[in-house]
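Dear colleague,

I am handing over the structure below, and my notes on it follow. Please read them alongside the model.

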Amino acid sequence: MKFVILIVCLLFQLHSFGKPIRIEVTDLFGSAKYVDEVVITKYDGKGNVYFQSLKFKDTINNASCGRKITNGWNFPYQQEENNWTENQPFLGDTVLVVIDGYNRIKVYGKRIKSDFRLWSPLMSGSLAYFNFESPNRPIEKSKLLSDSDTTKIMSCWDGCLIPVDKLDLLIKNYKANFSNKVNSINLIQFKDKPVYSIFYNDTLIYFNDLIWTEEPPGKLHSLLLNYNNGRTIEVIPIIDEQHPRQFSEKRQFDMEKFKQMKIQKIEWIH
């Protein structure tokens, strides 16, 4: 009986945790809303972190960090192996931040000699793993996934190393490559499908900004997804009895409900 209970508990834990977080370095950096080296100044205890850019005074100074804390956080996950997944930098720390279209910090980076040591501040299931290519390198060879091709795309548990002196050039190249990916997307494939199908696409998931449009004010009309190559997708849903139009004078629309609606019209508008 105890054995059966143990198996049930293990299955429940596996189901609850889900798959490990995957970080596609080229797409993340190429599509990011913001990439900069900053000093951590505050956690508000509500899931947000505040910081000051080392280069600019008037720029983005806060983002979601995914954890309701008031100071940094070192998650005690197999510390003997020096894993960094789910760590949050402490007040006063200088780190690289990579922010996505949801205004979330997806990746932090810490200078270690001539590299930024990247890691994910969140964990789901196990350590996050990073997909990347040269000149980026694994943290250590022992963390490379067994099927990694070190001449092409590599996969490494818990993060990777990106050269500090090559970062600006790499971001420029990643942005150009990501722009080509966005431009190659055929939007016809999404028509009449649920809105969430867009968010399962390996490229379109990396939007730069998300905007609701109303017609008139308070009556939801469509969703705009902006990408950092200047292009914007407009998504207009099918309104029916199961999926009525949303109303909100404060523009607090339910994204999960919207994702369940089917797409009536989807097109590039810029």
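Glu-234 has its place in strand S14 (residues 232-237), where strands (E, at least two residues) and helices (H or I, at least four) are DSSP runs numbered from the N terminus. The model is a predicted one, in which local features need pLDDT of at least 70 and side-chain atom pairs count only at pLDDT 80 or more, while totals for chains, interfaces and linings use all residues. Residues are numbered from 1 along each chain as its sequence is written, and side-chain values use heavy atoms, with hydrogens and water left out.

Glu-234 is buried and yet has no salt bridge, the nearest side chain of opposite charge being that of Lys-265, 6.1 Å away. Here buried means under 20% relative accessible area, exposed over 50% and partly exposed in between (1.4 Å probe, protein chains only); a salt bridge is a side-chain nitrogen of Lys or Arg within 4 Å of a carboxyl oxygen of Asp or Glu; and for charge, Lys and Arg count as positive and Asp and Glu as negative, with His and the chain ends not counted. The side chain of Glu-234 does make a polar contact with the side chain of Ser-222, at 2.8 Å (a pair of N or O atoms within 3.5 Å, of which, within protein, one must be able to donate a hydrogen and the other to accept it, residues adjacent in sequence counting only if both atoms are side-chain atoms).

**Nonpolar cores**

A nonpolar core is a set of buried Ala, Val, Leu, Ile, Met, Phe, Trp, Tyr and Cys residues joined through side-chain atoms within 4.5 Å. The largest has 47 residues, of which Phe-29, Leu-118, Phe-130, Ile-198 and Val-235 touch the most other members; helix H3 (residues 167-183) gives the most to this core, with six residues. Leaving aside neighbours within four places in sequence, Ile-198 is in contact (heavy atoms within 4.5 Å) with residues including Phe-190, Leu-225, Val-235 and Ile-266. A second, separate core of 16 residues includes Ile-40, Val-97, Ile-105 and Trp-119.

**Cysteines**

A search of the whole structure finds zero disulfides, a disulfide being a pair of cysteine sulfur atoms within 2.5 Å. Cys-160 is in none, since the nearest cysteine sulfur, that of Cys-156, is 7.3 Å away. Cys-160 counts as buried because its relative accessibility is 0%, and Cys-65 likewise counts as buried, at 2%.

With regards
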